[in-house]
Each structure stands twice: as C-alpha cells, then as structure tokens.
Amino acid sequence: MTLASRHPDIRHRDEIASEITKIISHPATVLILAITLAVNLALAAIDASGLLFYTGNAVVPSRLSSFGMVMLAPLYAFLVIPVWAAATEHHGGQLRISLVATPRRGALAFAKLTATVAICFVAALIAIVPARLVIGVSVGLSPWELALNCAQWVGVYLLMSLIAFGLAGILKGTIAPLAIMIALPIVVATGILQWPDGIRFLPDQASLSLVGTPGYDVTELPPGIAALVLLAWAFLSVVVYTVTLIRRDA
C-alpha cells in the first residue's frame, strides 16, 4: 500500500486550510504585515502633508509619491511573507512531514499556491490600501480613480509576491530570493545596465510602470503591458517551482 492510497479522503480544502494555518501562524507573517502597513502609512502621511522634495537638477519640487522606488520600498519587506511560505517548507525536514500528510505533490503545490494567493491578497489589501486612500483623498482623486489606483498597487503586491514565492521554492531558501528581488532595482538604479529595452521588462521596472511612476522615461511601459509582464513573470516563477516540487526529491 502506498502513502497515497492510505490518504484517499484528504480534501483539497483541508490541504489549503493547512497551508493557510502554517503561513498565518508564523510570527513573521504578522510582524512583516504590521511593518509594511506602518511604513506605507508613514510615507502616505508625509505625502499628504504637502512636503516637497528637490532631486538632482530638477527645478520643480515633487511630492513624495512621485518617487516610485521610495513608495514601492515597503513591498520588499512584504515579500518576506510569500518567501517564508515557500522556503520554510525546506527547513528542518518540513517538506517530508508535509508529504506524509499530503503525499500527492501536485495537490500540495496547488494548496500552497492557493493559500499564498489568498493570504497575500488579503495582506496586500491591509498593507497598501489605507495608505493609497490617504494619498488619493489628499490629491482629490475621484472614487473611480481611487479604486483603480488601489487595484494597481494591490496587483503589484500580489504579482511580485507570486514571483518571490516561486523563486523561494526553486532556490529552497529565504536569503537568495530576497537578495535577488532587492538587488534588481538597486542594480538598475546604478545605471550599470544601459539596456532600457530589456530593463523595462524586469519585474521591478514593470511594477513601477504599473503604478504610474516609471523608474525612467525610457523604461516606461503602458500600465496594461506592465501588468501582463508581471503576470508572465509570476506565471513562469510558479510553474517552474511547481515542476521542481513535483519532481524533486524531498
């Protein structure tokens, strides 16, 4: 009798509930969410105060919300949540324990992905929407513009989370995927990579374009194209992780 045959009645919703419990019961999840929310609200308060900033050779000051990389910075703390969701499976033999309870690796991958999407979506709503409401109301956005702006930011948080989730599962760790996700915008900002036609399709640059604050004029993408680029990165990352989870030994 195989392990799979001894667990014929495990329901998908039980597998998903188990994965959700594992993620939300980790102390890092609540802590990181609280930090992300607090930093986003602090940035929003500074922007709403009307404080203006000069940068480089600019003669016209700008509000803080004009600096996309600054406003997007809390996202890189938020990515700890999906990275933990995938990487902790490979700590201390957790994957073997998970496979004893859910021997069908395809079902385990589906449950982990569903749980991560659900948690990251709810967490993104909590982490970013209050701040966007503060900024949107302060600049007089209409309800439709406010809703669209919130949707764009939540979409960026969710799709970047899926990219980080897949990367953490592929690399079976927490440090490497976070380092890659954080290093990308830093390397681009240094100007070492003088290839705007390619750089614009990197996840961080597509994120900036999607929320309307492209890193550079030459790397700007239309919001719809930016969303598709992020979706493609997320799809590729999750698919590769799923394949490695199904085929790789525990």
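**H4 against H6.** I looked up where Ile-81, Pro-82, Ala-85 and Ala-86 of H4 go, and they meet Lys-112, Thr-116, Ile-119 and Cys-120 in H6 (contact means heavy atoms within 4.5 Å; helices are DSSP runs of H or I, at least four residues, numbered from the N terminus). I sorted the residues of this contact into six nonpolar, one polar and one charged (Ala, Val, Leu, Ile, Met, Phe, Trp, Tyr, Cys and Pro count as nonpolar, Asp, Glu, Lys and Arg as charged, the others, Gly among them, as polar).

**Ground rules.** I am reading a predicted model, where local features need pLDDT of at least 70 and side-chain atom pairs pLDDT 80 or more, while totals for chains, interfaces and linings use all residues. Residues are numbered from 1 along each chain as its sequence is written, and side-chain values use heavy atoms, without hydrogens or water.

**Geometry.** I find H4 (residues 80–87) and H6 (residues 105–138) packed at about 160°, their axes 10 Å apart (axes are lines fitted to C-alpha atoms over the stretch in contact, with angles from 0 to 180 degrees between N-to-C directions). H4 is therefore roughly antiparallel to H6 (angles over 145 degrees).

**Core.** I turned next to the largest nonpolar core, which has 58 residues (buried Ala, Val, Leu, Ile, Met, Phe, Trp, Tyr and Cys joined through side-chain atoms within 4.5 Å; buried means under 20% relative accessible area, with a 1.4 Å probe and protein chains only). Leu-75, Phe-78 and Leu-79 are among the members that touch the most others. Helix H7 (residues 143–171) gives the most to this core, 13 residues. Leaving out residues up to four places away in sequence, I see Leu-75 touching Val-156, Tyr-157 and Met-160.

Note on methods
Buried < 20%, exposed > 50% of the residue type's maximum accessible area, 1.4 Å probe, protein only. Helix = DSSP H or I, 4+ residues; strand = E, 2+ residues; numbered from the N terminus. Parallel < 35°, antiparallel > 145°, perpendicular 65-115°, else oblique.
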